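Subject: Handover of a model, with notes on what was found

Dear colleague,

I am passing the structure below on to you, together with some notes on helix packing, aromatic pairs and backbone angles. Please read them alongside the coordinates.

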Amino acid sequence: MENMNDAGGRSRDSLPARPLTGRIALVAGATRGAGRALAVELGRAGATVYVTGRTTRARVSEVGRTTETIEETGELVTAAGGTGIAVPTDHLDEEQVRALFGRIEAAHGHLDVLVNDLWGGEHLTAGSIFGKKSWETPLADGLRVLELGVRSHVVTAALGLPLLVRSDGPVLVEVTDGTAEYNRRYRENLYYDLAKNAPIRMAYGLGQELAEYGGTAVCVTPGFLRSEQMLAHFGAAERNWRDVIAVEPTFAIAESPQYLARGVAALAADPRRAERWNRKSTSSAELARVYGVTDADGSRPDAWAYFAALEEQGKREERGEQGHPVSAEDYR
């Protein structure tokens with residue numbers, strides 16, 4: 001993938017300061033983590049951003065976190081310079097989703113950017129998914145993972161695409177965990193594997209359907225995401241996240257939610273996005289290379305390349321071969 005500053009690309013400096021001014025976006029699943037950051041960066045680029053989620057100031061979702069709400073995300077979008085509109089929505093409830101798109105249609109008549117970042121299954125992964133065979137996973141928990149990671153995405157795309165194709169340049173962004181290349185590996189558990197590969201296939205298939213409308217469907221993934229929930233799991237905060245490395249060495253490659261969000265905002269503003277990205281799977285690291293963006297600390301971590309290198313190192317060690325130890329700093 002060529003860099004935007006290559007001879008065949010367009011310099012980032014030539015883009016307007018707020019290139020998404022006048023564009024209408026929806027970030028489905030924007031309460032926290034990557035979804036919140038994606039909404040804020042789209043707003044920073046000038047977009048009007050509808051943000052949805054299940055946790056509000058009056059109600060907490062099954063995720064069980066009261067510290068982030070969808071109303072707060074909307075306010076952060078507006079503070080960044082966009083227009084944030086919070087609409088509490090359960091994307092497994094078809095009527096709520098129809099009402100959401102009806103509201104956008106009544107106000108604007110179309111949608112330009114749809115980001116499908118729905119998940120909220122972390123509370124199931126540790127106890128019911130990771131480290132368990134599929135038949136050891138409680139069936140109800142496995143099916144819930146598929147509802148949260150697959151059905152919610154399908155419902156949102158099915159009901160949102162008729163509004164999206166009215167745009168003069170529709171953009172559908174599916175968010176998952178892992179690139180298509182990395183996810184050729186089995187992702188530890190059948191239910192998780194299906195949930196995290198489905199968005200890749202959705203972008204691939206829906207990109208073909210959107211092509212005749214000049215549209216772009218792309219699946220993106222962060223690396224080792226330093227989300228609010230992940231930091232809380234380790235008893236840390238953004239200010240001291242490096243302290244986690246002592247107990248989890250791979251956290252040295254961790255990235256902030258802003259990293260992916262900056263890349264996606266640049267993609268959404270790219271006039272060549274369809275030829276570059278339609279039907280493809282990409283990562284925060286690749287977007288950073290192409291668009292010249294960095295993480296909040298100025299680095300450009302490439303977690304998926306780092307994890308692949310660690311796997312190769314492990315294989316060499318099993319064969320009794322020597323080699324240079326893999327360092328996260330070589331991938332930042």
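Where in the chain is the place of Glu-188? It is in the loop between strand 5 (171-175) and helix 6, where helices (H or I, at least four residues) and strands (E, at least two) are DSSP runs numbered from the N terminus.

Before going further, please note that this is a predicted model, in which local features need pLDDT of at least 70 and side-chain atom pairs count only at pLDDT 80 or more, while totals for chains, interfaces and linings use all residues. Residues are numbered from 1 along each chain as its sequence is written, and side-chain values use heavy atoms, with hydrogens and water left out.

Backbone angles

As background, most residues other than glycine have a negative phi. Arg-279, in the loop between helix 9 and strand 7, is likewise not a glycine and has a positive phi of about 75°. With a relative accessibility of 27%, Arg-279 counts as partly exposed, on a scale where buried means under 20% relative accessible area, exposed means over 50%, and partly exposed lies in between (1.4 Å probe, protein chains only). A positive phi, near 75°, is also found at Gly-292, the residue that follows helix 10.

Helix 10 itself (residues 284-291) is mostly covered, with six of its eight residues buried. These are Ser-284, Ala-285, Leu-287, Ala-288, Val-290 and Tyr-291, and the buried residues of helix 10 pack against strand 6 (216-221), helix 8, helix 9 (273-277) and strand 7 (281-283), contact meaning heavy atoms within 4.5 Å.

Helix packing

Helix 1 (residues 33-44) and helix 2 (residues 70-79) pack at an angle of about 30°, with their axes 8 Å apart; the axes are lines fitted to C-alpha atoms, for helices over the stretch in contact, and the angles run from 0 to 180 degrees between N-to-C directions. The two helices, helix 1 and helix 2, are therefore roughly parallel to each other, a label for angles under 35 degrees, whereas angles over 145 count as roughly antiparallel, 65 to 115 as roughly perpendicular and the rest as oblique. On the helix 1 side Arg-36, Ala-39, Val-40 and Gly-43 meet Glu-72, Thr-73, Leu-76 and Val-77 of helix 2. The residues of this contact of helix 1 with helix 2 divide into four nonpolar, two polar and two charged, where Ala, Val, Leu, Ile, Met, Phe, Trp, Tyr, Cys and Pro count as nonpolar, Asp, Glu, Lys and Arg as charged, and the others, Gly among them, as polar.

Helix 3 and helix 5 (residues 139-164) also pack at an angle of about 30°, with their axes 10 Å apart, and helix 3 passes helix 5 in a right-handed crossing. The residues of helix 3 that take part are Glu-94, Val-97, Arg-98, Phe-101, Ile-104 and Glu-105, which meet Arg-151, Val-155, Thr-156, Leu-159, Gly-160 and Leu-163 in helix 5. By class, the contact of helix 3 with helix 5 has six nonpolar, two polar and four charged residues.

Aromatic pairs

Rings of Phe, Tyr and Trp (its six-membered ring) pair if their centres lie within 6.5 Å, and planes under 30 degrees apart count as stacked, over 60 as edge-to-face and the rest as tilted. By this rule the count comes to eleven aromatic pairs. One of them, Trp-119 with Tyr-192, is edge-to-face, at 6.1 Å centre to centre and 75° between the planes. Trp-119 lies in the loop between strand 4 (113-116) and helix 4 (122-129) and Tyr-192 in helix 6 (residues 190-210), so the pair ties together parts that are 73 residues apart in sequence. Trp-119 is buried at 16% relative accessibility, and Tyr-192 is buried with a relative accessible area of 7%.

Trp-241 and Phe-251 form an edge-to-face pair, 6.0 Å centre to centre and with 70° between the planes. Phe-251 is buried at 0% relative accessibility, as is Trp-241 at 7%. Ring pairs link Tyr-182, Phe-224, Phe-234, Trp-241, Phe-251, Trp-304, Tyr-306, Phe-307 and Tyr-331 into a cluster.

With best regards

Key
Left-handed = near helix turned anticlockwise from the far one by under 90°.
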